[in-house]
Amino acid sequence: MGKINDLIAKANSENRDVTDAELNEIKAMRHEIEDRLIAKLKAAQNP
Amino acid sequence: MNLRSMAIAACFFIAACANTPDTMRERLAAADLSYQAALLTLETLVDNGTVTGDLAAKAEVVVVNASNALDAAHIAIVSSSSDMELYINAAIQAVNLVIEFVKEKENESTSSLGIAPGGNFTGWVWSRSYG
């Protein structure tokens, strides 16, 4: 999570915007968390 | 406090202290950051049995909605869509629903996440002003 925040800080320090690659990395990390969480939520609906 | 609780507490702190997002891309990245931190907390609430049954079904709906909205905003930005701001605002609203859900359930939870019930979540909803 700190890594993502670092991406924004790094972009600011380099006086540039967040790149496509950085956005893709954030998205990939999100999907990883979502996949795991949604599986748990489905399981929790039928304990 | 165990390591997981410390990590989650750190996520809350980082989200609250994130640099102010100026550009559309930064706004998307920051919204995603806040959302991912909320998901980690929600995962703990599922693990400890706070979120089950119909509550888990509701959580799934708001999570899937936010995921789709963030994906749409992502596509709008990388394709330089003229409507990107609309997509970003929609994503932020969907993310805020997840954050509000987690905040509400965490306040009701008696579990220890390293954050006292009713603790300071103010930094999580910074994005509301963009809505």
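This is a predicted model: local features need pLDDT of at least 70, side-chain atom pairs count only at pLDDT 80 or more; totals for chains, interfaces and linings use all residues.
Me: What is the handedness of the crossing of α2(A) and α3(B)?
Reply: Two packed helices are described by the angle between their axes and the distance between the axes. The crossing of α2(A) and α3(B) is left-handed.

Me: Are α2(A) and α2(B) roughly parallel or roughly antiparallel?
Reply: The axes of α2(A) and α2(B) are 10 Å apart. The angle between them is about 25 degrees. Angles under 35 degrees count as roughly parallel. So α2(A) and α2(B) are roughly parallel.

Me: How many charged residues does the contact of α2(A) with α2(B) have?
Reply: α2(A) passes α2(B) in a left-handed crossing. By class, 14 residues of this contact are nonpolar and one is polar. The charged residues number ten.

Me: How far apart in space are B:D32 and B:V98, C-alpha to C-alpha?
Reply: B:D32 belongs to helix α2 of chain B. In sequence, 66 residues separate B:D32 from B:V98. In space, the C-alpha to C-alpha distance is 12 Å.

Me: Which residue of chain B does B:H74 contact, leaving aside neighbours within four places in sequence?
Reply: B:H74 lies in helix α3 of chain B. It is buried, with a relative accessible area of 5%. From chain A, B:H74 is in contact with A:L23, A:N24 and A:K27. From chain B, the contact is B:L28.

Me: Which residues does A:K40 touch, not counting those up to four places away in sequence?
Reply: A:K40 is found in helix α2 of chain A. A relative accessible area of 27% makes it partly exposed. Its C-alpha is 32 Å from that of A:V18, 22 residues apart in sequence. The residues that A:K40 touches are B:E43, B:V46 and B:D47.

Me: What is the phi of A:N15?
Reply: A:N15 lies in the loop between α1 and α2 of chain A. At 72% relative accessibility, A:N15 counts as exposed. It is not a glycine, although its phi is positive. The value is about 55 degrees.

Me: Where in chain B does B:S80 lie?
Reply: B:S80 is not a glycine, yet it has a positive phi of about 55 degrees. It counts as exposed, at 55% relative accessibility. B:S80 belongs to the loop between α3 and α4 (84-108).

Me: What share of the contacts in chain B with a separation of 6 or more comes from residues 24 or more positions apart?
Reply: Chain B has four helices and zero strands. From the N terminus on, its elements run α-α-α-α. Buried residues make up 51% of its 131 residues. The share of contacts from residues 24 or more positions apart is 75%.

Me: What percentage of the residues of chain A count as buried?
Reply: Chain A has two helices and zero strands. Its accessible surface comes to about 2600 Å², with 52% belonging to carbon and sulfur atoms. Of its 47 residues, the buried share is 36%.

Conventions:
Residues are numbered from 1 along each chain as its sequence is written. Chains are lettered from A and ligands numbered from 1 in the order in which they are written. Side-chain values use heavy atoms; hydrogens and water are left out. A crossing is left-handed if the near helix is turned anticlockwise from the far one by less than a right angle, and right-handed if clockwise. Buried means under 20% relative accessible area, exposed over 50%, partly exposed in between (1.4 Å probe, protein chains only). Contact means heavy atoms within 4.5 Å. Accessible areas come from the Shrake-Rupley method with a 1.4 Å probe; for residues, only the protein chains shown count as cover. Axes are lines fitted to C-alpha atoms, for helices over the stretch in contact, and angles run from 0 to 180 degrees between N-to-C directions. Angles under 35 degrees count as roughly parallel, over 145 as roughly antiparallel, 65 to 115 as roughly perpendicular and the rest as oblique. Ala, Val, Leu, Ile, Met, Phe, Trp, Tyr, Cys and Pro count as nonpolar, Asp, Glu, Lys and Arg as charged, and the others, Gly among them, as polar.
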